[in-house]
Amino acid sequence: MPSPIGKRGKGKGKGKGKKKLSKKERERLRQEEAERRAREEEELRLRLEQEQKEREEKERIERIERQRLEEIERAQHEAEISELNDILNANQRALSEVINKRKQKKQWARFMRCDGSPNPFISSELNTYMNLWREDTSIKPILEVLNEVEGSIALVDELIEGTEKLAINEKNDSEETKLQNQQAKLQLQQLIVDKLDETTMYELAFAHENADPDLLNYKHTESTPQVTICLWANLSKNPRVKALEFEERSFSIELPRLILLSNIGIRVMYTKFDYLSPKCRTFNPKSRQKIKIPVESKDESNENGDGTEGQTQNDEKGGDNNEEIEKNVTNEPEPVPNNTQIPSLDFTELNESVENADTKEDIKEEVKEDLIADDDEESVYEEVDDELYDDDNVVDLRAYRTMGGGIYIDLIQLPPQRKKIKHWVIREAIPPGLQRQVYPFDASKPVTPAQTSSGKDSASTHSPSASVNASGSVLTTMLLPQQMVFGEPPQLARWDDKNEHWRFDGFSDVKYDESTKTIAFKLDHFGPIAFMQDKYLNLPFQFWEYTPLDLNHGKLLVMAAIAEFEIEIKDDICCLKINTESPKELESIADAWMSPQELMKSIEEIGINIFPTVDSEKYVSINSKRKKLEYDVYRQIALTGSACSYSWSKWNTEADSGRDTIILRGVENLTAEEALDYKIYMINRQRASELKITEDSDEYSESPAEGTHFHSDLYHMITDGASETSLIRIRNTSFLFVENLYSWISSTRLIAFS
């Protein structure tokens with residue numbers, strides 16, 4: 001029987017069949033569809049034409065407005081440049097007067113010190129001091145010698161400071177004076193090392209008199225602020241002694257049987273200074289060739305009306321386009337014999353030298369001038385090839401820095417001990433210098449000159465060929481400098497005196513405990529070692545913001561890669577502010593008001609580097625800018641720092657603005673607020689302008705904000721729309737505060753390195 005459902009389905013399909021359209025109806029439908037499409041196309045065409053007209057009209061209006069603003073800017077360009085230069089020159093004159101007074105005051109204080117120490121810039125005084133100290137071979141307690149060393153280290157620091165000052169001295173005799181200071185510094189450094197070696201030998205020569213009655217060996221530790229010496233003499237030759245430990249420094253080292261059965265001593269010396277690194281070829285920037293090549297003429301200035309470009313940005317040098325090659329080769333000091341006399345200085349040179357030995361107020365300025373001088377768009381730099389850089393084990397001191405000074409772990413051949421014969425005490429003459437012992441050695445043979453040496457040549461035993469331990473490494477455990485901030489596990493390096501550089505090889509099984517700052521490793525040699533850390537751990541910056549707090553008072557917040565810093569700036573002093581997340585090591589320098597140069601030095605000494613150098617761009621990915629333009633912007637930020645906040649802008653990087661344009665955020669701020677409605681400013685070598693976009697805009701545009709004008713520089717761009725209260729603050733800002741703020745933002749180079 002057929003399914004009823006099937007019948008219904010069949011019936012339904014049959015009853016609702018489609019009626020076939022006639023040819024006339026199909027033609028009518030096609031015609032209607034064609035007309036509809038034509039109407040839509042016409043509407044689209046008209047709409048596009050209307051949008052095009054509106055866009056062209058908008059562009060025409062913007063072009064007219066831009067031309068109007070450019071005309072206004074050109075009319076006031078020279079006046080603005082002249083006004084800004086007058087302000088800068090007046091500040092510079094006032095600052096020079098203050099610096100000169102401080103120099104005279106310090107010069108007088110140096111003259112009136114009367115503590116027996118020589119003036120290191122008077123050659124006769126320094127030569128007399130070094131000769132008397134060198135000829136003094138009397139046996140003294142080790143602590144007395146270390147105190148003498150402390151005084152000499154202070155003289156070396158003073159000479160280094162004076163040499164750095166002379167680097168920016170424009171006088172013709174600065175190079176000669178700088179060389180004299182360099183020679184004196186090298187001689188004094190070598191004399192310090194010789195005296196430390198000499199007192200070590202004297203102390204070991206009397207080891208029997210001071211031996212431990214229980215262990216029958218000699219062990220002693222002596223310390224001053226700059227140097228700590230730990231000594232051990234193997235007098236008992238007891239093979240059951242397994243390790244040596246200096247509890248005062250949490251240092252321990254295993255003692256192989258070869259050492260325990262030999263006439264050997266060990267010296268572990270900690271120094272807060274590092275006299276070895278400056279000898280490295282990688283200590284100074286790599287030698288470069290500066291090639292000037294012909295450049296096609298640019299018509300940037302023609303597009304903008306007259307040929308004047310930027311307030312003080314006169315960095316486009318005129319002159320011919322002849323090709324010029326200039327080699328900038330690093331001047332490395334040559335070793336100076338101990339008996340070399342330093343040429344005498346006349347009294348005029350002395351005064352200039354002493355003035356240049358003031359606090360490091362101009363050291364950062366030297367770096368800035370070098371940076372600005374290197375900024376020439378017509379220059380192409382080529383680095384001179386150096387085979388040394390091809391060895392991965394050689395430490396590049398442009399990329400790494402030593403942390404906490406140096407550590408000397410020396411194996412020493414014990415000097416002759418006393419002998420008692422009846423009522424006589426006989427002692428051989430103590431040999432000069434420190435007789436270092438290579439390791440491993442043949443204990444059955446006497447020490448030969450090839451195995452030991454004294455004085456300067458003794459470091460040759462630290463070379464790789466002499467120090468490889470074929471019989472096994474020596475396990476060593478030590479405590480890292482507790483006052484240093486280690487952002488990552490430190491890398492160990494050893495000194496290769498034959499080639500005069502640090503090397504990463506020669507260590508194995510390195511284990512680092514971050515919680516206790518303890519490191520354990522096996523070493524294959526004895527000699528100087530150091531802890532290395534990447535210089536640029538904190539670069540580039542993630543964010544920065546400057547906020548004024550009052551007249552001549554503000555704070556600078558910098559968020560680095562692994563740390564956050566807040567610098568409070570007031571008049572000509574500043575201090576570091578920390579929070580709960582700041583490294584605890586910063587507590588020692590936090591909330592202490594000091595000069596900007598002193599605080600920068602303290603931050604660097606504690607292990608934090610946030611100050612780029614002349615070649616930092618090789619090691620850090622940055623948003624490079626024309627340095628002349630960059631430093632001009634820093635100066636103008638400082639001029640308005642009492643009344644305006646500034647901050648990092650994403651458009652400085654994302655807008656692909658290139659080297660010729662700087663984009664940052666700024667706003668008037670008289671209430672010390674932090675959450676602000678920032679404006680976007682664009683500064684190039686021709687003008688400064690406020691942009692219509694915000695930090696949250698989807699697309700970048702250089703359209704100027706409505707109701708604003710172009711100006712020749714950021715300073716006049718800010719003051720143009722500022723309130724009367726803000727203008728009063730800016731006019732009353734102290735030149736000392738301006739210089740203080742400028743030193744921070746220019747030393748960190750916040751615009752390029754963020």
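Predicted model: local features only at pLDDT ≥ 70, side-chain atom pairs only at ≥ 80, totals over all residues.
Q: In which sense do strand β2 and β5 pair, and over how many bridges?
A: Two strands count as paired if DSSP finds at least two bridges between them. Here strand β2 (residues 227-233) and β5 pair in the antiparallel sense, over 7 bridges.

Q: What counts as a strand or a helix?
A: Both are DSSP runs, numbered from the N terminus: helices are H or I with at least four residues, strands are E with at least two.

Q: Which strand joins β5 by 8 bridges?
A: Strand β10 (residues 406-413) does, and the two run antiparallel. V268 stands opposite I409 in β10.

Q: Where do the side chains of a strand go?
A: In a regular strand they alternate between the two faces of the sheet. In β5, I264, I266, V268 and Y270 point one way, while G265, R267, M269 and T271 point the other way.

Q: How many residues of β5 are buried?
A: Buried means under 20% relative accessible area, exposed means over 50%, and partly exposed lies in between (1.4 Å probe, protein chains only). Strand β5 (residues 264-271) has 8 of its 8 residues buried.

Q: What is the strand order in the open sheet of 8 strands?
A: The order is β22-β21-β20-β19-β23-β24-β25-β26, with antiparallel pairing. The edge strands are β22 (573-577) and β26 (688-690), and each pairs on one side only. Neighbouring strands are turned by 25° against each other on average, direction ignored. Such angles run from 0 to 180 degrees between N-to-C directions, with axes fitted as lines to C-alpha atoms, for helices over the stretch in contact. Inside this sheet, 7 bridges link strand β19 (residues 543-550) to strand β20 (residues 553-559), antiparallel. There E545 stands opposite L557 in β20.

Q: Which strands does helix α11 lie across?
A: Helix α11 (residues 596-605) lies across β21 (564-570) and β22, and runs at about 30° to β22.

Q: Which strands are the edges of the open sheet of 5 strands?
A: The order is β3-β4-β13-β17-β16, again antiparallel. Its edge strands are β3 (243-246) and β16 (507-513), each pairing on one side only. The twist averages 10° from one strand to the next. Strand β3 joins strand β4 (residues 251-254) through 4 bridges. The bridge partner of F246 in β4 is F251.

Q: How many disulfides does the structure hold?
A: A disulfide is a pair of cysteine sulfur atoms within 2.5 Å. The structure holds 0.

Q: Is E73 buried or exposed, and which residues does it contact?
A: E73 sits in helix α2 (residues 23-111). At 3% relative accessibility, E73 counts as buried. Contact means heavy atoms within 4.5 Å. Leaving aside neighbours within four places in sequence, E73 is in contact with Q686, R687, F710, H711 and S712. E73 and H709 are 636 residues apart in sequence, with 7.3 Å from C-alpha to C-alpha.

Terms used. Residues numbered from 1 in each chain as written. Heavy atoms only, no water.
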